[in-house]
Amino acid sequence: MALSSKTVLVVRATGRIGKQAVIDFLKAGANVIALDSPSHLHSSHQYIEELEINEEQRCRLQVEIICLVNGGGIKRLASRHTNVNVIINCFRYDADSHTNDTATAVRRYRFDTCLSDNISGSFLVLRHFIRRWNKLSPGCIVNVASFSGAETKPLPNRFSLSIISSAMLGLTKSIHADFSESKGLRCNIIYTADELSLAGIDGVQFVSPTELTPLCMYLASDESMISGAVFVMDNGASA
């Protein structure tokens, strides 16, 4: 896959999927920008050390610490990185932080924070970068979400997660419908059975980040012409 010409923005880069995407895209020769909020990404130096990448790969990595719902900060980010042509937009949900995640039991603060981080944050990042893309320099978006509640049956005690997954599907389909023709943009979504978000659910065989990122890389490559598609990687859990 030809990825050396790509500049990849990985959103929510401190999560397990985000970190693996950063590592694998660097190994494939791409330039990578790792983005996350200061509440999750405290130190650029510490983050880079945790990745255990070589010196040449470090030279192709930039770390950005910006609150994802800070519209002005995200707009300035897009202005600084006009060469970004791939966005890997990962979701964030920690099951340990969302015990009793039902419509009647979830705390309003946790619910609002979860939606703000995942949906409002995704909206702002994609909005400002899409505005800079056109048919002469088209972009590619790969959204990653949990399979719970999307095109499958929602899992129990995952109310917030299921809403995020459904919203990410709408985000993907709408961007494809609005910009695939006018800007030549490609936008797809991958649903996965992530261990952190689905911990404690019986009968789910988890998909590791190392299994997921090759599909992200293919969809980001010039070999792929796919857009508006939904990929489910859950080891048959939703079958």
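1. Thr7 of β1 (7-11) stands opposite Asn31 in β2. The two strands, β1 and β2, pair in the parallel sense over five bridges; pairing here needs at least two DSSP bridges between two strands. Helices (H or I, at least four residues) and strands (E, at least two) are DSSP runs, numbered from the N terminus.

2. A word on the source: this is a predicted model, in which local features need pLDDT of at least 70 and side-chain atom pairs count only at pLDDT 80 or more, while totals for chains, interfaces and linings use all residues. Residues are numbered from 1 along each chain as its sequence is written, and side-chain values use heavy atoms, with hydrogens and water left out.

3. β1 also has a parallel partner in β4, joined by four bridges. Here Val11 stands opposite Asn89.

4. Have a look at both faces of β1: Thr7, Leu9 and Val11 are buried on one side, and Val8 and Val10 on the other. Buried means under 20% relative accessible area, with exposed over 50% and partly exposed in between (1.4 Å probe, protein chains only).

5. Now to helix α5 (residues 108-130), where the 23 residues should span 33 Å at 1.5 Å a residue; the end C-alpha atoms are 31 Å apart, which agrees. That expected span is 1.5 Å times one less than the number of residues.

6. The buried residues of α5 include Phe111, Cys114, Leu124 and Phe129. What do the buried residues of α5 pack against? Their partners include β1, β2 (31-36), β4 (86-90) and α6 (159-179), with contact meaning heavy atoms within 4.5 Å.
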